[in-house]
Amino acid sequence: MSIIELFLLAIGLSMDAFAVSICKGLSLKKLEVKHALLAGLYFGGFQALMPVAGFFAGSYFADIISSYDHWVVFILLLLIGGNMVRESFDSDEEKLNDSFSFKAMLLLAVATSIDALAVGVSFAFLQVNIITAAAFIGVVTFTLSAIGIKIGNIFGTRYKSKAELAGGIILILIGLKVLLEHLNLLPF
């Protein structure tokens with residue numbers, strides 16, 4: 001696998017984390033550097049770890065993972081996005097989901113990195129250097145996630161509830177897109 005192919009793959013894998021980071025940035029009242037670093041560490045870390053796990057699981061789990069990963073992603077993003085949509089209609093600003101707690105970030109990191117697990121399985125078949133590939137994917141995702149927090153915060157400070165609504169809808173649509181792609185219901 002060439003460096004360009006790996007870069008394109010890393011960009012593709014990081015798009016869900018980037019979108020979720022934008023959504024997290026939407027709900028922040030005051031952006032701090034630690035928010036961007038935490039998003040980068042969680043999302044970049046899981047995007048790096050999941051291909052490694054997939055690589056070592058190899059072909060043994062390929063059929064199991066590919067048969068339901070899209071459902072897991074869809075359900076998690078539907079729940080998270082639905083919660084954001086619900087919160088957008090709540091007038092109490094203190095209930096905005098600006099949590100960077102372990103539980104909140106772990107759920108989001110897992111939801112955005114399940115596809116990377118399946119990619120790791122394919123890396124085993126392609127005999128890719130998994131350490132290099134995983135590190136590259138992690139760094140790209142870290143960077144885009146940190147940038148996403150800032151982008152979301154800039155947008156969110158102007159349009160709080162509308163931004164929360166848009167973020168929730170984006171997450172639901174990403175989950176739906178993943179599901180429809182895996183069910184071969186999208187023409188592209």
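Reply: Let us begin with a word you will need: a residue is buried under 20% relative accessible area, exposed over 50% and partly exposed in between (1.4 Å probe, protein chains only). This is a predicted model, in which local features need pLDDT of at least 70 and side-chain atom pairs pLDDT 80 or more, while totals for chains, interfaces and linings use all residues. Residues are numbered from 1 along each chain as its sequence is written, and side-chain values use heavy atoms, without hydrogens and water.

A48 counts as buried, at 18% relative accessibility. A48 belongs to helix α2 (helices are DSSP runs of H or I of at least four residues, strands runs of E of at least two, numbered from the N terminus). Apart from neighbours within four places in sequence, A48 touches A134 and G138, where contact means heavy atoms within 4.5 Å. From A48 to I137 there are 89 residues in sequence, yet their C-alpha atoms are 5.8 Å apart.

Stepping back for a moment, the chain has five helices and zero strands, in the order α-α-α-α-α from the N terminus. Of its 188 residues, 45% count as buried. Among contacts with a separation of 6 or more, 92% join residues 24 or more positions apart.

Now for the part you asked about. Helix α1 covers residues 3–26 and helix α2 residues 33–57. They pack at an angle of about 160°, with axes 11 Å apart (axes are fitted to C-alpha atoms, for helices over the stretch in contact, and angles run from 0 to 180 degrees between N-to-C directions). The two helices are therefore roughly antiparallel, a label for angles over 145 degrees. On the α1 side L13, S14, A17, V20 and S21 take part, and they meet A39, F43 and Q47 of α2. These residues comprise five nonpolar, three polar and no charged (Asp, Glu, Lys and Arg are charged; Ala, Val, Leu, Ile, Met, Phe, Trp, Tyr, Cys and Pro nonpolar; the others polar).

Helix α1 has another partner in α4: their axes come within 10 Å and cross at roughly 170°. That makes this pair roughly antiparallel too. Here L6, L9, L13, D16, A17, V20 and K24 of α1 meet M105, L108, T112, D115, A116, V119 and F123 of α4. This contact divides into 10 nonpolar residues, one polar and three charged.

Which residues have the most contacts inside the largest nonpolar core? They are F43, M105 and L171, in a core of 23 residues (a core is a set of buried Ala, Val, Leu, Ile, Met, Phe, Trp, Tyr and Cys joined through side-chain atoms within 4.5 Å). Two or more of its residues come from each of α1, α2, α3 (62–88), α4 (102–126) and α5 (130–182). Beyond four places in sequence, F43 contacts A17, V20, S21, M105, L108, A109, T112, T141 and S145. Another core, of 15 residues, lies apart from the largest one and includes L6, A116, L117 and V128.

At L26, still in α1, the relative accessible area is 5%, so this residue is buried. Its C-alpha atom lies 8.2 Å from that of I151, 125 residues away along the chain. For contrast, N184 sits in the segment after α5 and is exposed at 67% relative accessible area. N184 is not a glycine, yet its phi is positive, near 60°.

Key
Angles under 35 degrees count as roughly parallel, over 145 as roughly antiparallel, 65 to 115 as roughly perpendicular and the rest as oblique.
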